[in-house]
Every structure is written in structure tokens, then in C-alpha cells.
Amino acid sequence: MLGGPQQSTLIEQGTGMLGGLLGGPATQADHKVSSDLQAYWTNFARSGDPNGAGLPVWPRFDPKERKFLEFAAGGPVVAANLRQEICALYMDNLRHSMQRP
């Protein structure tokens, strides 16, 4: 994907209308991510479950395991600890600010 995902690209990827917000012609990787995302969204709209035949299982969120589905150029991949460093920093700062008088 061009320069990594941006929140606004979900509109393009989810609808398959690629090229506008990404700022250039869509690549094969962009089309693959879009197709995979549309398959999960369609499954979810049909049944309330994004998982379906031929797709890696999108894991249910568990705060201890923190698994998520990454939409990569080679296909969806289950990974863990999304933004772990920034979340830990946020929680440390929150705890610190709550201890102030």
C-alpha cells in the first residue's frame, strides 16, 4: 500500500474505488487488500461474523492476547499487540496523572 494505511483509505478499500485518496494509481497490493477487506465486511454484514471460507480467521479481541488482523499486501495476517508501545506510554501517563493531587 502506498506509504502505509491511513484511516481515510478505508473508504476506498472497503468499496473497491481505489486511487482517489491514496494519491496515485492503485497497485496490485492495494487491490488485494481491498478485495480481502470487502470479503470480511460482506461476511459481517450477512451474518454478524467477518470470518468465512477461504479467509484467515479474524480473531475475537481479547485484551490479554491483543490479537488483530493486519491487511497486508500478501493477504490478511493475524498479529498481536497492536501499537503496544504507544498504548503502554498512554497507560503510564494516565496512571501518573491520576496520582497527582
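This is a predicted model: local features need pLDDT of at least 70, side-chain atom pairs count only at pLDDT 80 or more; totals for chains, interfaces and linings use all residues.
Residues are numbered from 1 along each chain as its sequence is written, and side-chain values use heavy atoms, with hydrogens and water left out.

Let me begin with the layout. The protein has three helices and two strands, and along the sequence these follow the pattern α-α-β-β-α; helices (H or I, at least four residues) and strands (E, at least two) are DSSP runs, numbered from the N terminus. Of the 101 residues in the protein, 23% are buried, where buried means under 20% relative accessible area, exposed means over 50%, and partly exposed is in between, with a 1.4 Å probe and protein chains only. The accessible surface comes to about 7300 Å², and 58% of that belongs to carbon and sulfur atoms; these areas come from the Shrake-Rupley method with a 1.4 Å probe, and for residues only the protein chains shown count as cover. If we take the contacts with a separation of 6 or more, 27% of them are accounted for by residues 24 or more positions apart, a contact being heavy atoms within 4.5 Å.

I turn now to the aromatic residues. The structure holds three aromatic pairs, and the rule is that rings of Phe, Tyr and Trp (its six-membered ring) pair if their centres lie within 6.5 Å, with planes under 30 degrees apart counted as stacked, over 60 as edge-to-face and the rest as tilted. One of these pairs is tyrosine 40 with tryptophan 58, which is edge-to-face, at 5.3 Å centre to centre and 80 degrees between the planes. Because tyrosine 40 lies in helix α2 (residues 28-47) and tryptophan 58 in the loop between α2 and β1, this pair ties together parts that are 18 residues apart in sequence. Tyrosine 40 counts as buried, at 0% relative accessibility, whereas tryptophan 58 counts as partly exposed, at 28%. Tryptophan 58 also pairs edge-to-face with phenylalanine 71, at 5.6 Å centre to centre and 70 degrees between the planes. Since phenylalanine 71 is in strand β1, this second pair links parts 13 residues apart in sequence. Tyr40, Trp58 and Phe71 together form one aromatic cluster.

Which residues make up the largest nonpolar core? The six are Val33, Leu37, Tyr40, Leu55, Leu69 and Phe71, a nonpolar core being a set of buried Ala, Val, Leu, Ile, Met, Phe, Trp, Tyr and Cys residues joined through side-chain atoms within 4.5 Å. Helix α2 and strand β1 each supply at least two residues of this core, and α2 gives the most, with three.

Next come the charged side chains. Side chains of opposite charge can pair when their charged atoms come close. A search of the whole structure finds three salt bridges, each defined as a side-chain nitrogen of Lys or Arg within 4 Å of a carboxyl oxygen of Asp or Glu. In helix α2, lysine 32 and aspartate 36 are four residues apart, about one turn of the helix, and their side chains meet in a salt bridge of 3.0 Å, N to O. Lysine 32 is partly exposed, with a relative accessible area of 33%, while aspartate 36 counts as buried, at 6%. Glutamate 65 forms a salt bridge with lysine 67, with the closest N and O atoms 3.7 Å apart. In helix α3, aspartate 92 and arginine 95 are three residues apart and therefore separated by about one helical turn, and the closest N and O atoms of their salt bridge are 3.0 Å apart.

Finally, the surface. Tyr90, Met91, Leu94 and Met98 make a nonpolar patch of about 430 Å²; patches are made of residues with over 30% relative accessible area and no salt bridge, with like charges joined within 9 Å and nonpolar side chains (Val, Leu, Ile, Met, Phe, Trp, Tyr) within 5 Å. Tyrosine 90 is found in helix α3 (residues 84-99) and counts as exposed, at 53% relative accessibility. Glycine 74, in the loop between β1 (67-72) and β2 (75-80), is exposed as well, at 76%. The C-alpha atoms of glycine 74 and lysine 32 are separated by 7.7 Å, although the two residues are 42 apart along the chain.
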